[in-house]
Amino acid sequence: MLVKSKLKYIQTLGQKKFRQEERTFIAEGPKIVTELLQAKKEAIREIFALKEWIEENTVWVKQVNCTEISEQELERISQLSTPNKVLALVQQFEEDKVMITKDSITLVLDGIQDPGNLGTIIRIADWFGIGQVICSEDSTELYNPKVVQATMGSIARVNVCYTALHSWLAEQKDVPIYTAMLGGVDITEMERITEGIIIIGNESKGISPALLNRANTRITIPKKGNAESLNAAVAAGIILSHLS
């Protein structure tokens with residue numbers, strides 16, 4: 001059962017201000033919570049779950065602070081339109097201060113604003129074995145509930161950092177930098193890479209001019225139809241499928 005003060009506390013975490021103050025975020029649903037238990041159990045502060053979920057996860061319940069709640073209580077604390085059995089309060093992860101780009105592929109996101117896009121890109125990075133995503137400081141917040149949901153658990157395995165991209169890219173010596181845009185090299189004609197930084201731009205504005213000037217190679221996904229542009233997450237997936 002949820003006491004009133006705890007219920008209100010969880011509800012406040014729907015707001016960025018309180019997530020930042022408490023260094024805590026919400027994760028919901030059996031898949032995401034299980035992924036976090038497997039990869040980041042030490043970060044989970046509390047779990048609130050229906051009796052059904054608790055009975056199905058007795059091993060995990062013994063290892064974390066877990067409270068049984070009713071469906072009505074879950075509806076009151078959930079950020080989802082359709083609550084799904086379990087909600088966890090999770091400590092925000094420490095960002096790695098040293099971002100190593102040698103001998104690996106790194107995704108860089110310039111001004112990604114849509115939470116669904118950011119979450120999906122993190123999930124795509126995880127699929128292709130990309131362990132690091134670097135975001136511009138004006139990109140949407142990693143712990144937005146919609147971002148967390150869209151990662152489907154990949155938030156537990158991909159290191160996501162925020163930094164001033166222009167100055168950071170200037171420090172990346174001897175690492176190839178690729179920018180995704182129209183009029184570049186056709187990715188279907190390129191060899192796969194084992195090292196490089198791939199920049200994906202804002203959904204509507206593309207990549208900022210300052211970052212374009214940092215690129216060694218401009219790359220493009222060949223167009224056959226009449227669509228004006230591709231969704232940022234879709235573009236990231238296509239590019240990684242050809243180059244990684």
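## Terms and model

A residue is called buried when its relative accessible area is under 20%, exposed when that area is over 50%, and partly exposed in between, with a 1.4 Å probe and protein chains only. The model is predicted, so local features need pLDDT of at least 70 and side-chain atom pairs count only at pLDDT 80 or more, while totals for chains, interfaces and linings use all residues. Residues are numbered from 1 along each chain as its sequence is written, and side-chain values use heavy atoms, leaving out hydrogens and water.

## Salt bridges

The structure holds nine salt bridges, a salt bridge being a side-chain nitrogen of Lys or Arg within 4 Å of a carboxyl oxygen of Asp or Glu. One of them joins E46 to K6, with the closest N and O atoms 2.6 Å apart. E46 is buried at 15% relative accessibility, whereas K6, at 23%, counts as partly exposed.

K85 forms a salt bridge with E52, where the closest N and O atoms are 2.9 Å apart, and another with E56, where they are 3.9 Å apart. At 22% relative accessibility K85 is partly exposed, as is E52 at 39%, while E56 is exposed at 51%. Elsewhere, a network of salt bridges links K31, E35, D126 and R157.

## The surroundings of R19

R19 is buried, with a relative accessible area of 3%, and its side chain reaches the backbone oxygen of G14 at 3.0 Å. Leaving aside neighbours within four places in sequence, R19 is in contact (heavy atoms within 4.5 Å) with residues including F25, Q92, E141 and Y143.

Definitions and conventions
Polar contact = N/O pair within 3.5 Å; in protein donor to acceptor, adjacent residues only side chain to side chain.
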